[in-house]
Amino acid sequence: HGRCRTGTPLDSDTYARVRRRAVFDCCKWDVQYEDVATLAPFPLLLARETWRQLTDTTAALARETLAAEAELAQRPELHARLGLPRGIRRALRRCGTDGPAAGFARVIRFDFHLTTEGWRISEANTDVPGGFNEASGLCALMAEQYSDVETAGDPAGAYADALIAGTRAGARIALVHATAYSDDHQVMRYLAHQLERRGAVPFLVSPAHIAWHSGHAFLTAAWDKGALDALVRFFPAEWLPNLGWRSGWQT
């Protein structure tokens with residue numbers, strides 16, 4: 001298709017090197033499922049006009065999503081009808097008046113697919129989207145192998161810049177995620193590398209490692225304790241009620 005095409009496949013030796021670097025440099029650990037490789041040996045290429053179309057559509061969808069969220073925050077009578085847990089409903093009522101915290105950084109991932117009827121999305125992950133190590137790291141690795149292409153940007157780098165904006169030098173940033181899941185951990189490990197390159201001090205932790213005092217977050221891990229400058233929540237909001245009231249995440 002003229003708007004979206006595949007590039008020339010890599011030879012087996014080059015592909016093996018890219019695959020190995022994806023594992024060690026980009027924290028892409030799930031490069032194989034059973035006997036099937038999950039990394040294609042070729043890039044997916046978009047024309048600049050197509051990319052501009054997708055970015056314009058993405059921006060419009062993001063504005064629509066944020067507008068819907070803002071309205072729902074002002075309509076607490078609808079929250080029970082949506083089946084939201086009581087703790088989440090209480091938090092949303094506060095958000096309707098308090099608004100997001102200062103320095104709040106937000107990412108939404110829209111999954112586009114080229115169909116016979118044009119570009120369509122299968123979902124929008126508006127809470128804890130992953131894919132940073134593929135979108136930034138793997139794409140850069142593939143671009144190095146071709147002289148006539150370039151990446152569309154560096155999402156992980158842009159996110160890291162937004163996270164440290166306004167923080168002090170050497171900011172202590174907790175990357176809160178479900179540590180038992182390697183597919184989640186690899187995303188946070190890659191983001192931790194991005195933050196380290198920018199002078200921050202990241203901590204890979206679970207919600208259980210965070211204590212709340214007077215609205216401020218503190219690290220209470222065995223290897224480190226102390227105040228935190230910022231949190232990255234890569235832990236689904238709908239899982240927060242399962243942590244219990246004493247965790248502090250619902251208050």
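In this predicted model, strand S8, which spans residues 201–205, is mostly covered, since four of its five residues are buried. Its partner is strand S7 (residues 172–177), and five bridges join S7 to S8, with the two strands running parallel. Two facing positions can be picked out along this pairing: Leu 175 stands opposite Leu 204 in S8, and Ala 174 stands opposite Phe 203 in S8. To get from S7 to S8, the chain passes through helix H6 (residues 182–197), and the β-α-β crossover made in this way is right-handed.

S7 and S8 belong to an open sheet of three strands, arranged in the order S8-S7-S12 with parallel pairing. Which strands stand at the edges of this sheet? They are S8 and strand S12 (230–234), and because each of them has a single partner strand, one side of each is left without a neighbour in the sheet. If direction is ignored, neighbouring strands of this sheet are turned by 20 degrees against each other on average. Helix H6, besides providing the crossover from S7 to S8, lies across S7, S8 and S12, and runs at about 170 degrees to S7.

An antiparallel example is found elsewhere in the chain, where strand S5 (residues 109–115) and S6 pair in the antiparallel sense over seven bridges. A hairpin joins S5 to S6 through two residues, and within this pairing the bridge partner of Phe 112 is Ile 121 in S6.

**Around helix H4**

The loop between strand S6 (118–125) and helix H4 holds Gly 130. This glycine is buried, with a relative accessible area of 18%, a value that counts as buried because it falls under 20%. When residues up to four places away in sequence are not counted, Gly 130 touches Arg 109, Val 187 and Phe 234. The C-alpha atoms of Gly 130 and Arg 109 are separated by 8.0 Å, although the two residues are 21 residues apart along the chain.

Helix H4 itself contains Ser 136, which counts as buried at 6% relative accessibility. Leaving aside neighbours within four places in sequence, Ser 136 is in contact with Asp 154, Pro 155, Ala 156, Gly 157 and Tyr 190.

**Aromatic pairs**

The structure holds three aromatic pairs. A pair of aromatic rings is described by the distance of the centres and the angle of the planes, and the table gives these values for two of the pairs.

| Pair | Arrangement | Centre to centre | Angle between planes |
|---|---|---|---|
| Phe 132 and Tyr 159 | stacked | 5.2 Å | 10 degrees |
| Phe 235 and Trp 239 | edge-to-face | 5.4 Å | 85 degrees |

**Cysteines**

A disulfide is a covalent bond between the sulfur atoms of two cysteines, and the structure holds zero disulfides. For Cys 27, which is in no disulfide, the nearest cysteine sulfur is that of Cys 26, at 7.5 Å. This distance does not qualify as a disulfide, because the two sulfur atoms would have to lie within 2.5 Å. Cys 27 counts as buried at 3% relative accessibility. Cys 139 is likewise in no disulfide, and the nearest cysteine sulfur, again that of Cys 26, is 9.6 Å away. Is Cys 139 buried or partly exposed? With a relative accessible area of 38%, Cys 139 is partly exposed.

Methods:
Residues are numbered from 1 along each chain as its sequence is written. This is a predicted model: local features need pLDDT of at least 70, side-chain atom pairs count only at pLDDT 80 or more; totals for chains, interfaces and linings use all residues. Side-chain values use heavy atoms; hydrogens and water are left out. Rings of Phe, Tyr and Trp (its six-membered ring) pair if their centres lie within 6.5 Å; planes under 30 degrees apart count as stacked, over 60 as edge-to-face and the rest as tilted. Buried means under 20% relative accessible area, exposed over 50%, partly exposed in between (1.4 Å probe, protein chains only). Two strands pair if DSSP finds at least two bridges between them. A crossover is right-handed if, with the strands pointing away from the viewer, the path from the first strand over the helix to the second runs clockwise. Contact means heavy atoms within 4.5 Å. Axes are lines fitted to C-alpha atoms, for helices over the stretch in contact, and angles run from 0 to 180 degrees between N-to-C directions.
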